[in-house]
Amino acid sequence: MDLAEYLNGLPPDRRSEALRACCGSARWVEGMLARVPFARAADVFDAAEEIWWGLAPSDWLEAFAAHPKIGARRPEGRFSSAEQAGVRGASAGVLDALARRNLEYEDRFGFIFLVCASGRSADEMLAELEARLDNPPERELRVAAAEQAKITRLRLARLADEA
C-alpha cells in the first residue's frame with residue numbers, strides 16, 4: 001500500500017499515533033496532520049522534511065528524547081528494536097563502551113546520542129559516537145537533527161510496509 005494512501009485512510013487518532021512513532025516531536029506530528037490528505041508518498045516525505053527543518057531546537061530535543069539510547073539492552077518503541085539490530089551480539093566490551101560514551105555525550109551536549117542505526121554494527125555506532133564527541137555543541141545539534149530526519153524517513157517508509 002502507498003504511504004499516502006495508508007496515512008490518509010487511518011482514523012485521526014491512529015494517524016497521530018503512527019506519526020508519533022516516526023518522530024517524537026509533538027509539533028512535527030501536528031504539522032504532518034495539518035497536511036493530510038497527501039496526494040502521494042513523495043508528498044509525505046517532502047512534508048516531513050520541510051516541517052522538521054522548520055522546527056525549533058526545543059522540538060528537536062523533544063524528538064531526540066523519544067529514542068532509547070544506542071546500545072540499550074532492550075530498546076523500546078515500535079521501530080527501535082529492529083533499528084538497533086546491529087547491537088545484538090556485540091561484545092560486552094563494546095556495549096560497556098557505548099554505555100560510558102553515551103553518558104559522556106549526554107553530559108557534553110545535554111541530549112542523547114542519536115544516529116540512524118539501521119544497518120550499522122555496534123562497533124560502527126561506537127566509532128561514530130566517539131568521533132562526534134569532538135563537535136562543537138551547535139554543530140552537534142544540527143548533526144543529531146539530520147540523523148533524526150533520516151530516522152523519520154525510514155520509519156515513514158516502514159509504515160506502509162506494516163499495512
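This is a predicted model: local features need pLDDT of at least 70, side-chain atom pairs count only at pLDDT 80 or more; totals for chains, interfaces and linings use all residues.
Me: Why are helix 5 and helix 9 called oblique to each other?
Reply: Their axes come within 10 Å and cross at roughly 55°. Angles under 35 degrees count as roughly parallel, over 145 as roughly antiparallel and 65 to 115 as roughly perpendicular, with the rest oblique. Helix 5 and helix 9 are therefore oblique. The crossing is left-handed.

Me: Which residues make the contact between helix 5 and helix 9?
Reply: Helix 5 contributes Pro 57, Trp 60, Leu 61, Ala 63 and Phe 64, and helix 9 contributes Leu 141, Arg 142, Ala 144, Ala 145 and Gln 148. These residues divide into eight nonpolar, one polar and one charged.

Me: What makes a set of residues a nonpolar core, and how many residues has the largest one?
Reply: Such a core consists of buried residues of nonpolar types joined through side-chain atoms within 4.5 Å. The largest has 50 residues, and those with the most contacts inside it include Trp 28, Trp 52, Phe 64 and Leu 156. Helix 9 gives the most to this core, with eight residues.

Me: Which residues does Trp 28 touch, not counting those up to four places away in sequence?
Reply: Among them are Leu 19, Cys 22, Ala 48, Trp 52, Thr 152 and Leu 156.

Definitions and conventions: Residues are numbered from 1 along each chain as its sequence is written. Side-chain values use heavy atoms; hydrogens and water are left out. Buried means under 20% relative accessible area, exposed over 50%, partly exposed in between (1.4 Å probe, protein chains only). Helices (H or I, at least four residues) and strands (E, at least two) are DSSP runs, numbered from the N terminus. Contact means heavy atoms within 4.5 Å. Axes are lines fitted to C-alpha atoms, for helices over the stretch in contact, and angles run from 0 to 180 degrees between N-to-C directions. A crossing is left-handed if the near helix is turned anticlockwise from the far one by less than a right angle, and right-handed if clockwise. Ala, Val, Leu, Ile, Met, Phe, Trp, Tyr, Cys and Pro count as nonpolar, Asp, Glu, Lys and Arg as charged, and the others, Gly among them, as polar.
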